[in-house]
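Please read these notes with the structure open beside you. They take a few features in turn.

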Amino acid sequence: MPLQVAPAEIKAVVASFADTSDVKKVQSEGFHIAGEKFFTLKSDERSLYGKKGKEGVAIVKTQQAILVAHYPETVQPGVAANTVEQLADYLIGVGY
């Protein structure tokens, strides 16, 4: 089932990519995807990773898209993040 990500949630994700504070707002407050609150694991100008219980999300920005991937508790967070980062690298490489 696809995630239903609200426009305000994506706006907050985009703002986190642009935030250059020592402690970003998203790091101290977490973020919401599909109405669920996630604890921030990593946040930089390209990627945002979050966790809620044993599941999580990996969000990566390309030139023209924002990839939002949810992973269940049966998937290791590092494997999910690596997969999404590789897909983003591919899309950036083909100009997307």
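The numbered points below concern a predicted model.

1. Start with the largest pocket. Its volume is about 270 Å³.

2. Helix α1 gives the most, with five residues. By type, the lining residues of the largest pocket divide into six nonpolar, six charged and three polar.

3. Look next at Ala-34, in the loop between β1 and β2 (36-43). Ala-34 is not a glycine, yet its phi is positive, at about 55°. Its relative accessibility is 28%, so Ala-34 counts as partly exposed, the range for that class being between 20% and 50%.

4. Helix α3 covers residues 77-93, which makes 17 residues. From its first C-alpha to its last it reaches 24 Å, close to the 24 Å expected at 1.5 Å a residue. Just after α3 comes Gly-95, with a positive phi of about 85°.

5. Which residues of α3 are buried? They are Ala-80, Ala-81, Val-84, Glu-85, Ala-88 and Leu-91. Because these residues cover an arc of only 125° around the axis, they sit on the same side of α3. The general rule behind such a pattern is that an α-helix has 3.6 residues a turn, so residues three or four places apart point the same way.

6. Among what covers its buried residues are the strands β2, β3 (47-52), β4 (55-61) and β5 (66-71). On the face turned away from the buried side, α3 carries the exposed residues Gly-78, Tyr-90 and Gly-93.

7. The last point is Phe-39, in strand β2. Is Phe-39 buried or exposed? It counts as exposed, because its relative accessibility is 55% and the class begins over 50%. Leaving out residues up to four places away in sequence, Phe-39 touches Tyr-49, Gly-50 and Lys-51. Phe-39 and Gly-53 are 14 residues apart in sequence, and their C-alpha atoms are 9.1 Å apart in space.

Definitions and conventions:
Residues numbered from 1 in each chain as written. Predicted model: local features only at pLDDT ≥ 70, side-chain atom pairs only at ≥ 80, totals over all residues. Heavy atoms only, no water. 1 Å grid on protein atoms, 1.4 Å probe; cavity = no way out; pocket = protein on both sides within 12 Å on 5 of 7 lines; lining within 4 Å. Points joined across faces, edges and corners; volume = space filled by probe spheres on them. Helix = DSSP H or I, 4+ residues; strand = E, 2+ residues; numbered from the N terminus. Nonpolar A, V, L, I, M, F, W, Y, C, P; charged D, E, K, R; others polar. Buried < 20%, exposed > 50% of the residue type's maximum accessible area, 1.4 Å probe, protein only. Expected span 1.5 Å × (residues − 1). Arc of directions from axis to C-beta. Contact = heavy atoms within 4.5 Å.
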